[in-house]
Amino acid sequence: RIYLDHAAAMPIHPEVLRFGNRFLAGFAGNPSTIYREGLAAEEAVSRAREEVAALIGASDPASVIFTSGATESNNIAVRGTALRNMKRGKRVVTSTIEHISVLNPAKVLLKKGFAVTEVPVDRYGTIDLGALEEAVTPETVVTSVHYANNEIGTIEPIREVAEIVHARGGFLHVDATDAAGRVPINVERAGIDLATLSSNQLGGPQGMGALYIRPGVRVQPVLVGGGQERGLRPGTEDVFGIACMGEAARLAAKEMPEESRRLAAIRDRLIAGITDIEEAYLTGHPTERLPHHASFRFSRIEGESIQLAMNMLGIAVATGSACTSRTLEASHVLLAIGLAHEEAHGSMVATLGRENRADEAPRVVDAVRETVKRLRAITPL
Ligand code: PLP
């Protein structure tokens, strides 16, 4: 079995698994209490906060809050920041290829009287900086642009985006779900005001995430209750999940340089081999892309058929985003980079991870070649 859908779900890092087993065997109290068991839990949460902050170059660990995942972080960042700061203006800007967990919260703001602008991208998925300059006005409270796209792997020019946003006095939120732990991120040097992270994308458990909020940026909670996580994420902490995410962040920071280089070499073999197939094209940016990410489109066949056929050959690949793949709608990302509906339906995404080995690349290329040939022979298209 060859698993190539790490953007959808990552196996837990073996060291996180060992750490988690040890952690669960002990007893973590409630971090809000002040006796020994509670203080130990609070200590575990604090350590995790430090590790996550360190991974993204945040000098103040208190700037990181833990959430239930990237979706919740994106909601707090987009809605919470917009609603808390709407005295400044009622405008929000995103790109056309953000994840739905950014686009949908922005749409909710429409009902509160906000104007939302989706800035276009070019055929590689790189944001149009000229259009961004026009879209962001002094009334724009939040601009949300992801660090990298999960469907096409393109890395955005975040520093340039930050300059444009800050020149007009607004806040920049960056969904770094797919980029964190893959490429070095320094929120302070990049000028990022809020950043979304996912535990699973670092090799930690699913259903766990974090949000970096630069000190001084005021955000309104989306969920209300107790004062946990500075009142921004009330409710008793998932101490186990948080501790494991912290350990995953520590390992990601340590292993990233070597691991990203190793995966990029496999990715490049996949790209070279698969784009050699007739009418097969790379999607996303040829060079400014995530090191573990290879995405393609094939004319005259459907992504779902490719996925099923590859599965029969023992290989798990994605077609578009896991969140929308069951809807059978064309991906908004592929349409936004200029593909026609029928072109957007023929996509295949391979995202690599720790267990993948270089010798799998030729096997995958052969399987894709065989699959494409077989499907084209029976296609009515
Ligand atoms: N943002 C991006 C860029 C993603 O790729 C994903 C999921 O893959 C999410 C947000 C949502 O993450 P979750 O489903 O863990 O909340």
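1. A pocket is here an open set of grid points with protein on both sides within 12 Å along at least five of seven lines, and its lining residues have an atom within 4 Å of a point. The points below concern a predicted model.

2. In this model, 31 residues line the largest pocket, which has a volume of about 520 Å³. Those that lie nearest the centre of the pocket are Ala 7, Ala 8, His 99, Thr 177 and Ser 198.

3. As to composition, the lining of the largest pocket comprises 18 polar, 10 nonpolar and 3 charged residues.

4. Helix α3 (70-84) and strand β12 (347-351) each contribute at least two residues to this lining. The most is given by α3, with 3 residues.

5. The placement of the largest pocket follows from the domain assignment. Residues of its lining come both from domain 1 (2-8 + 255-378) and from domain 2 (59-236), so the pocket lies between the two domains.

6. A separate point concerns Cys 244, which is located in helix α8 (residues 239-274). Is Cys 244 buried or exposed? Its relative accessibility is 2%, and Cys 244 therefore counts as buried, the cut-off for that class being under 20%.

7. Leaving aside residues up to four places away in sequence, Cys 244 is in contact with Val 16, Phe 19, Gly 20 and Pro 205. The C-alpha atom of Cys 244 is also 9.9 Å from that of Asn 21, although 223 residues separate this pair along the chain.

Notes
Residues are numbered from 1 along each chain as its sequence is written. This is a predicted model: local features need pLDDT of at least 70, side-chain atom pairs count only at pLDDT 80 or more; totals for chains, interfaces and linings use all residues. Side-chain values use heavy atoms; hydrogens and water are left out. Helices (H or I, at least four residues) and strands (E, at least two) are DSSP runs, numbered from the N terminus. Buried means under 20% relative accessible area, exposed over 50%, partly exposed in between (1.4 Å probe, protein chains only). Contact means heavy atoms within 4.5 Å. On a 1 Å grid over the protein atoms alone, a cavity is a set of points where a 1.4 Å probe fits but cannot get out, and a pocket is an open set with protein on both sides within 12 Å along at least five of seven lines; lining residues have an atom within 4 Å of a point. Grid points are joined across faces, edges and corners, and a volume is the space filled by probe spheres set on the points. Ala, Val, Leu, Ile, Met, Phe, Trp, Tyr, Cys and Pro count as nonpolar, Asp, Glu, Lys and Arg as charged, and the others, Gly among them, as polar. Domain bounds come from an automatic or database domain assignment.
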